[in-house]
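This briefing accompanies the sequence and structure shown below. Its points are grouped by topic, from the whole chain down to a single residue.

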Amino acid sequence: PEIMEDKALIRKLGHFPDYDAAERHWPSHYRRHVVSRLNRMRTPLPEYLEVFRMLEQALFESYLPKNPFSPTTANWLHQLNHQNAAYFPRTGLFQSNAQEMTVIGISGLGKTSMILQIMEYFGDVISHQEYKGKVLQFTQIPMIYVKCSHDGSLSGFCESIITQLSARLGEPLNCANTIGRMMNQIQSLVRRMTAVSRWVSSG
């Protein structure tokens, strides 16, 4: 998406429930339900803008070295261990430009809700059809949101990631039968979609 100025961004991120003065005269059992709209109200605070700009910059920066027509990108997409591959692209090996961030705050303060609301701006899936006048069809997933499995197992966590990617792609994905293979499967899927992994820890 385009880079928006702060004022337009605040309007985009905010959510204010509809209000009609006539509702004040409704019976109490109706007004009780109307009041629950306030649970969905979102007023972007200064922290929203700061976190948004950090995520936006991290997202954009991570894609800079991933030119889809570059031999370097092709090598990175198709070679899991590209450092040890027999083929070395003339444009050099891929060098990650990924950034990271940490959001720390009291539990229940709204950190996860804020980040999920911000990431809604970028959408769940971006389908590309062309790049610089050339035909280019691939699916980009800006973010997936995965919770740790109920038993805290690595296999359950990997399965959750694959399930999320499957839902975003709209195609069934069968999990590999070992943790190592699942991790390779995830790495291959993420590279195929040139997706950016975002890990957010609340605590």
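In what order do the elements of the chain run from the N terminus on? They follow the pattern α-α-α-α-α-β-β-α-α, with seven helices and two strands in the chain. The radius of gyration is 21 Å, well over the 17 Å that the globule rule gives for 203 residues, so the chain is more spread out than a compact globule. The model is a predicted one.

**Overall dimensions and surface**

- Taken along the principal axes, the box filled by the C-alpha atoms of the chain is roughly 75 × 45 × 35 Å.
- Of the 203 residues in the chain, 33% are buried.
- The chain carries 21 positive and 17 negative charges, whose mean positions are 2 Å apart.

**Contacts along the chain**

- Among the contacts in the chain with a separation of 6 or more, 59% are between residues 24 or more positions apart.

**Helix α1**

- Helix α1 spans residues 6–13, and its buried residues are A8, L9 and L13.
- Seen down the axis of α1, these buried residues fall within an arc of 130°, so they line one face of the helix.
- The partners against which the buried residues of α1 pack are α3 (46–63) and α5 (111–120).
- K7 and R11, on the other side of α1, are exposed.
- Taken together, α1 has A8, L9 and L13 buried, whereas K7 and R11 are exposed on its other side.

**Residue N97**

- The loop between α4 (71–78) and α5 contains N97.
- N97 and Y19 are 78 residues apart along the chain, and their C-alpha atoms are separated by 46 Å.

Notes:
Residues are numbered from 1 along each chain as its sequence is written. This is a predicted model: local features need pLDDT of at least 70, side-chain atom pairs count only at pLDDT 80 or more; totals for chains, interfaces and linings use all residues. Side-chain values use heavy atoms; hydrogens and water are left out. Buried means under 20% relative accessible area, exposed over 50%, partly exposed in between (1.4 Å probe, protein chains only). Helices (H or I, at least four residues) and strands (E, at least two) are DSSP runs, numbered from the N terminus. The arc is that of the directions from the helix axis to the C-beta atoms. Contact means heavy atoms within 4.5 Å. The radius of gyration is taken over C-alpha atoms; the globule rule is 2.2 Å times the number of residues to the power 0.38. Lys and Arg count as positive and Asp and Glu as negative; His and the chain ends are not counted. The place of a charge is taken as NZ of Lys, CZ of Arg, CG of Asp or CD of Glu.
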